[in-house]
Amino acid sequence: MSIFKGAGVAIITPFHKDGSVNYDKLDELIDFHCENGTDSIVICGTTGESSTLTEAEHMECIKFTIEHTKKRIPVIAGTGSNCTRTAIEMSKEAAEAGADGLLIVTPYYNKATQAGLFAHYKAIADEVKAPIILYSVKSRTATNIEPATVARLVNEVENIVGIKEASGDISQISKIMQMTDGKIDLYSGNDDQILPLLALGGKGVISVLSNIAPRETHDICAKFFAGDLEGSRELQFKALPLIDQLFCEVNPIPIKKAANLMGMEVGGLRMPLTEMTDKNAENLAKAMIDFGLKLI
């Protein structure tokens, strides 16, 4: 059984003005998603600025989200690291805290070989019981999980059950599904490719867009699963101009700006990320209004 089906939000981490984590606001965001169609919360991913959280903050955010979601929807914890031992310890702690699944990004900077990637993921999976979703995003990590490696992991490691594919390479994704005989839960890591990946047998998306448009992102998936391909396609196409603006600067700069434009008051970013330019912010606001979102 899949950890979730539909639209999971790669949730942002809200900060106070002093840069500390705003847990009261995180609680509000959790309720917002549980009440507006989001199918799963993915905490401490790239969009959650995990790379600038301390390990203590990272684990506290995961535990807080598990506790405050109260099993209303599944919680998937981002526990990846470029150090295998660190990833193991974080994964064990998250699993023990009750995470429904783990999202584990490819090791960054090290540039592991395919043999190294297999060994890395197997070592983690051997020490945790929670189901694991691989996260392939070469644009950020400089490392690609090749289809043959994905297939080997799925066939040889019982609790590796899914992949968040953010390579943007439809041919590679097709090959993954072909080589695994569809036995892997495929999630789009790109909001502009939700529908194409669903057509390849995908289970949904782990989404940035869901932070501000949870119902619409959910509906792209729900309509597809209900056989309403035209309705799903219409929503996907409608969202494309907004998605373009949400990635006009590096994620999560635009999505945090968008959330604040809607009055969510999620705070700023941790350096080295900085606020988006005025021109890009203007274009983002226009795209949000055109999509039908209400700005303050």
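Which side chain meets that of Glu127 in a salt bridge? The partner is Lys92, at 3.7 Å from N to O. A salt bridge here is a side-chain nitrogen of Lys or Arg within 4 Å of a carboxyl oxygen of Asp or Glu. Helices (H or I, at least four residues) and strands (E, at least two) are DSSP runs, numbered from the N terminus.

The model is predicted: local features need pLDDT of at least 70, side-chain atom pairs count only at pLDDT 80 or more, and totals for chains, interfaces and linings use all residues. Residues are numbered from 1 along each chain as its sequence is written, and side-chain values use heavy atoms, with hydrogens and water left out.

Glu127 is partly exposed, at 35% relative accessibility. Lys92 is also partly exposed, at 26%. Buried means under 20% relative accessible area, exposed over 50%, and partly exposed in between (1.4 Å probe, protein chains only). Both residues belong to a network of salt bridges that links Arg85, Glu89, Lys92 and Glu127.

The count comes to 14 salt bridges. Among them is Lys63 with Glu93, whose closest N and O atoms are 2.6 Å apart. This pair joins helix 2 to helix 3 across 30 residues of chain. Lys63 is partly exposed at 33%, and Glu93 is partly exposed at 30%. Lys223 and Asp228 form another bridge, at 3.8 Å from N to O. Lys223 has a relative accessible area of 30%; Asp228 has 32%.

Helix 2 covers residues 55-69. Buried residues of helix 2 include Met59, Cys61, Ile62, Phe64 and Ile66. Their cover includes helix 1 (23-35), strand 2 (40-43), strand 3 (75-78) and helix 3 (84-97). Lys70 follows helix 2 and has a positive phi, near 55°.

No disulfides were found in a search of the whole structure. The cut-off is a pair of cysteine sulfur atoms within 2.5 Å. Cys61 is buried, at 0% relative accessible area. Its sulfur lies 4.7 Å from the closest cysteine sulfur, in Cys44, and is therefore too far for a bond. Cys221 is buried at 1%. The closest cysteine sulfur to that of Cys221 is in Cys34, 17 Å away, so this pair is also too far for a bond.

Note on methods:
Expected span 1.5 Å × (residues − 1). Contact = heavy atoms within 4.5 Å.
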